[in-house]
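Let's take a walk through a protein model together. Have a look at the picture first, then read on.

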Amino acid sequence: MSANPDKRALQQAQTQLESIKEMVAGLNAENDEQRDAARSQIEEDPLSVEVRTDWFTPGRIDVTPAEFRILLCTGGPAVQIIGELDCHCEPESARLQYQDWFTPWEDCPLQCEDKEALLTYARQFYFTF
């Protein structure tokens, strides 16, 4: 195990963030082929894309997801994007989190442009049942 697992996990989160920013930049490419390639790269990037619902009365059949999670890497360290979904199941917030073995998830500090890149990345996925 590393002497400073938090530092190693934060570095992994920052590496993932830089990769996300590069992929998102590709969505603004000059031609359709490049934009499609960027979209495909984003869709193939995460290990999993998951949703969960909010509290609701048992028996309701019109339940929609309220939160999402995009798992980018696991193990030591692990990185994920979590956020809330609006009434149309579109991401309205996104946070980058990291953890190392046996440590709790921690939020990665983000600049405004980082938050926008995470939201753009997350919005490339469908979050409906």
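This is a predicted model: local features need pLDDT of at least 70, side-chain atom pairs count only at pLDDT 80 or more; totals for chains, interfaces and linings use all residues.

Residues are numbered from 1 along each chain as its sequence is written, and side-chain values use heavy atoms, with hydrogens and water left out.

**The whole chain**

You'll find 3 helices and 5 strands here, and reading along the sequence gives the pattern α-α-β-β-β-β-β-α. Helices (H or I, at least four residues) and strands (E, at least two) are DSSP runs, numbered from the N terminus. The C-alpha trace spans about 50 × 45 × 25 Å along its principal axes.

Of the 129 residues in the chain, 38% are buried. Buried means under 20% relative accessible area, exposed means over 50%, and partly exposed is in between (1.4 Å probe, protein chains only). The accessible surface, worked out by the Shrake-Rupley method with a 1.4 Å probe, is about 8,200 Å², and carbon and sulfur atoms own 48% of that.

What about charge? The chain carries 11 positive and 24 negative side chains, and the centres of the two sets lie 4 Å apart. Lys and Arg count as positive and Asp and Glu as negative, with His and the chain ends not counted. Each charge is placed at NZ of Lys, CZ of Arg, CG of Asp or CD of Glu.

**How the strands line up**

Two strands pair if DSSP finds at least two bridges between them. Here are two pairs:

| Strand pair | Direction | Bridges |
|---|---|---|
| β1 (residues 48-53) and β2 | antiparallel | 6 bridges |
| β2 and β3 | antiparallel | 6 bridges |

Why is strand β2 (residues 65-73) largely enclosed by the rest of the structure? It's because 7 of its 9 residues are buried.

**The core**

A nonpolar core is a set of buried Ala, Val, Leu, Ile, Met, Phe, Trp, Tyr and Cys residues joined through side-chain atoms within 4.5 Å. The largest one here has 28 residues, and Ile70, Ile81, Leu96 and Tyr121 have the most contacts inside it. The elements giving two or more residues to this core are α1 (5-26), α2 (32-44), β2, β3, β4 (95-99) and α3 (112-122). The biggest giver is α1, with 6 residues.

**A few residues up close**

Contact means heavy atoms within 4.5 Å. Leaving aside neighbours within four places in sequence, Ile70 touches a list of residues including Pro46, Val49, Ile81, Tyr121 and Phe127.

Ile82 is in strand β3 (residues 78-84) and counts as buried because its relative accessibility is 18%. Beyond neighbours within four places in sequence, the contacts of Ile82 include Phe68, Ser93 and Gln97.

Gln124 is in the segment after α3. Is Gln124 buried or exposed? At 18% relative accessibility, Gln124 counts as buried. Leaving aside neighbours within four places in sequence, Gln124 is in contact with Leu27, Arg39, Ile42 and Glu43.
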